[in-house]
Amino acid sequence: MSPPSISEPTRAIAVVGAGPRGVMVLDRLLARLEAASEPRPTGSLAVHVVDPFPPGPGRVWRPDQDPLLLMNTPAFFPTACAADNPGLAPSSVSLSFDQWRLARPDRAAGLERTDYPPRAVYGRYLEDVVAAVLDALRARPEVVAVTVHAAQAVALRAAYEGGPVAAPESPSAWRLTLRPVDGTPPRELQADVVVLCLGHQDAEPSAAQRRLGEAADASPALHYRGPHLPAELDVDGIAPGATVLVRGMGLNAFDLQARLSEGRGGRFEPTGGEPGRALRYVPSGREPVLHLLSRRGLPYLPKAAVDAFVPRGVRMSYLTDTEAEALVARHGQLDLAEHLWPLLHRDVVRAYYATLARVHPERLGGPADAGRFVRELVGMFESAGRGAPVTARHGQELLHAFAPGMRFLDIRSWAAPFQGAVFDDAAAYQEAVAGVLEQACGEAAAGEDSPFMQAVGTLHAGRLRIKAWIAQGLLTDASRIRDVQGWFEPLVEGLASGPPLVRVEQMLALHRAGLLSWAGPGPQVEADAEAGVFRARSPQVGADDAVAPAVTEAAWLVEAMMPPSRVEAAATPLVRQMLADGVAAVGRWEDEDGALRSSSGFDVTARPHRLRGADGTVREGVLVLGLQLSGVQWGTAIAAEAGADVRDRALFLADADAAARVALGG
C-alpha cells in the first residue's frame, strides 16, 4: 500500500456535537498537538465538526436567546477549556468564562464575577472560544483541513462490512450519515474516530404526557406544552390574565416566570425591606397567572450569596478521600446509605452547629456553652466510631442540655417540609410556602453567616465528592438506584441546586401581586377535553370546606422541565438508529435483587469512554462525552469548574482530554 499523499490525511476525526463538550474536545486536540514532543507529519489530520447549530453555543446556549434566561452558576464557575485547572496544560487559546469576561468586557455585558450571566452571554463566550480553537487548529501544519458541517448526524455505521473496527491499514473505520440543514441531500462522512458530544436530545413523551397532549389535540380550548429547552418555548400565545398550570418548580419554572413577567413589560422594584420582601412587582397588565406544581410542593431554594462554588468555610472532616479509600479497602464497592451518608451527615451537622455557635452563641447558652456544645458534639461523633450512625435521639439529648426546646437538625426534612402535612385550604398553603421561601431568602442573604446555608454548602461539597467516586466506579449499582436516585439527588437538588437569590425574591413579589401561587405536594393533573380545562389538585390541600381537595382549572399546562436525558427515550434519529442497529446499547445497572435495569446512558467502558454495542463489543473508534455518560457518571449536565482539579470537580475536562488522546491515536 503506497503512503498517503498530503491531500489524503492518514487520520480523520469527527466531533459530533459542537456545544460545550465538543468545544472541550477540540481545545484538548489543540493542546495535545501543541504539546507533542514529536510533530505529526504535515497534513496528516482532518478534523470534522458536525452540528446543525453554530459551533460553540450549539442549541442550548444560542446568543440570540432571551437575555432574561440566566445561567444557574455565577460567572466565576464555568469553563469549556482547561485554563487554570490543575492536571492539564492549557492550549494557547484556552480561557475560562471568567477570564474571557475580563478580556472581552464588550461581549460580556458588564458582568461581575459573582453575577449569574444570561445564557446568551455564555453563548458568546463559547462562540469566541471555538472560533479561536478552530483558527489555531487550521494554522497547525499537521491539520490538512478543519471542516464544519452544518448538518445533523442521523446514522453511524461501520465503514466496512468486516465489522466496526477496520483493518490497521484502512484509513477510515466509521461512516456517518449527515442531513444538511440547507435541505440538500444527505451525504456521508468517514472517520477513524467519532467523538459523540450529543448534548440535550429530544425525547419521546411519557404515557401521561401523551394523554395530556392528546387531550389538548382533541380540544381547541386546551394548550399543552411538553418538556422543552427554555429558549424554545413559545409563550406568545398565552393571553394576559390566563391561568397557566406549570408542572415543575425547578430552574425551568423560574425561566418561565421571568419571561411572563419582565418579559411582558412588568418590572421589579426594590422595597428596602428584609430578604424575602426585598422586591415589589409592578405589573404591565399583560401577565398571565401562574400556578406551580411539583411533587414536593416547594420550589428549589435559593443559592447562598457567597463568592465560591462551595462556601469557603466548609470543611469536610469525615467524608474524605482517605476515609473513602479505607472503606473501599474493607468493602469493595460502596453503599451510599450504609457507608457514606453517616459520614456526610456528621459533616453537615457539625457545620450547622459550628456556624450557629459562631454567629448566634446565645441560642446555645452563650459563647462558652456554645463552644462546649460543639466540642461535645464532635466527641459524641468520635466515641460512636467513624462508621456508626449518630441518631437524632442522641443529638437531641445533647442539644437539650444547652438549648431546651430546640429541635436537633434534620437535614432531610428540609427538602420536604410539608411531608405528611394537611392544609385546610389553598390560602393556608400559600402562607406556608411563602413563609418557607422568605426564611430561605434571609438565610441565603446571610451567606457564610447562615448555619442553614453552611449545612447546605457542606451537603453540596459532599455531593461533589460522591460524584467523583461514582465516576470512578466506587458505588454499587444498587445504591445508585436506591439511594442516589431515590432520595439523595432530590435532597441535594432541592436544597443546593436552586436559582440565584433574586429569582426567589421575584417569585415572592409575583405571589404578593396575585400573579403566582403554588399547589400542594403530590399534585394530580387531569384533562377534561369536553369542558376545555386542565384540573390540578393536591390531596394535602383542602377546599374551603376542608372536605374536598382544592382545585385549580386552567386552559394552559406547561411542563417546566427539560426533555429527560435517557438514551432509551431519545427521539433523535442518530440515537434511535444506533440502538436499533446494535451499534450502541443502553447501560445496565444491577439492583439489590440482581435484576438488570436500564441506566439512563449508553453502555460505555471506563475512561476513555468507548461505546459498547448490543453484542458487548467495544467500539474502539467511538467515544462518548457528556449527558449520554449518565450511566457511569452523575450530574453530567453541569459544566466543568474553572480552577478545579480535573480529577475531581472538573472531571469532564479529563474526559475530553482522554477522548482527544484516543482521537490522535494515543
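Mentor: Let us begin with axes, which are lines fitted to C-alpha atoms, for helices over the stretch in contact, while angles run from 0 to 180 degrees between N-to-C directions. Helices (H or I, at least four residues) and strands (E, at least two) are DSSP runs, numbered from the N terminus. Keep in mind that this is a predicted model, in which local features need pLDDT of at least 70 and side-chain atom pairs count only at pLDDT 80 or more, whereas totals for chains, interfaces and linings use all residues. Residues are numbered from 1 along each chain as its sequence is written, and side-chain values use heavy atoms, with hydrogens and water left out.

Trainee: Are helices H11 and H14 roughly parallel or roughly antiparallel to each other?

Mentor: The axes of H11 (residues 426-446) and H14 (residues 501-512) come within 10 Å and cross at roughly 150°. Angles under 35 degrees count as roughly parallel, over 145 as roughly antiparallel, 65 to 115 as roughly perpendicular and the rest as oblique. H11 and H14 are therefore roughly antiparallel.

Trainee: How many nonpolar residues does the contact of H11 with H14 have?

Mentor: Contact means heavy atoms within 4.5 Å, and the residues that make it include Leu437 and Cys441 of H11 and Val504 and Leu508 of H14. Ala, Val, Leu, Ile, Met, Phe, Trp, Tyr, Cys and Pro count as nonpolar, Asp, Glu, Lys and Arg as charged, and the others, Gly among them, as polar. Sorted in this way, the contact has three charged and two polar residues, and its nonpolar residues number nine.

Trainee: Which residue in S16 is the bridge partner of aspartate 528?

Mentor: S15 and S16 (residues 533-542) pair in the antiparallel sense over five bridges. In one of these strands, S16, the bridge partner of aspartate 528 is valine 533.

Trainee: What is the phi of glycine 594, in the turn between S19 and S20?

Mentor: S19 (residues 586-590) and S20 (residues 596-602) pair in the antiparallel sense over four bridges, and tryptophan 589 has arginine 597 in S20 as its bridge partner. The two strands form a hairpin with five residues between them, and in its turn glycine 594 has a positive phi of about 85°.

Trainee: What is the omega of the cis peptide bond that joins arginine 607 and proline 608?

Mentor: Proline 608 lies in the loop between S20 and strand S21 (610-612). For the cis peptide bond joining arginine 607 to proline 608, omega is about 0°.

Trainee: What is the angle between the ring planes of phenylalanine 97 and tyrosine 122?

Mentor: Rings of Phe, Tyr and Trp (its six-membered ring) pair if their centres lie within 6.5 Å, and planes under 30 degrees apart count as stacked, over 60 as edge-to-face and the rest as tilted. The structure holds 22 aromatic pairs, among them phenylalanine 97 in helix H2 (residues 97-103) with tyrosine 122 in helix H3 (residues 119-138). This pair is tilted, with 5.3 Å centre to centre and an angle between the planes of 55°.

Definitions and conventions: Two strands pair if DSSP finds at least two bridges between them.
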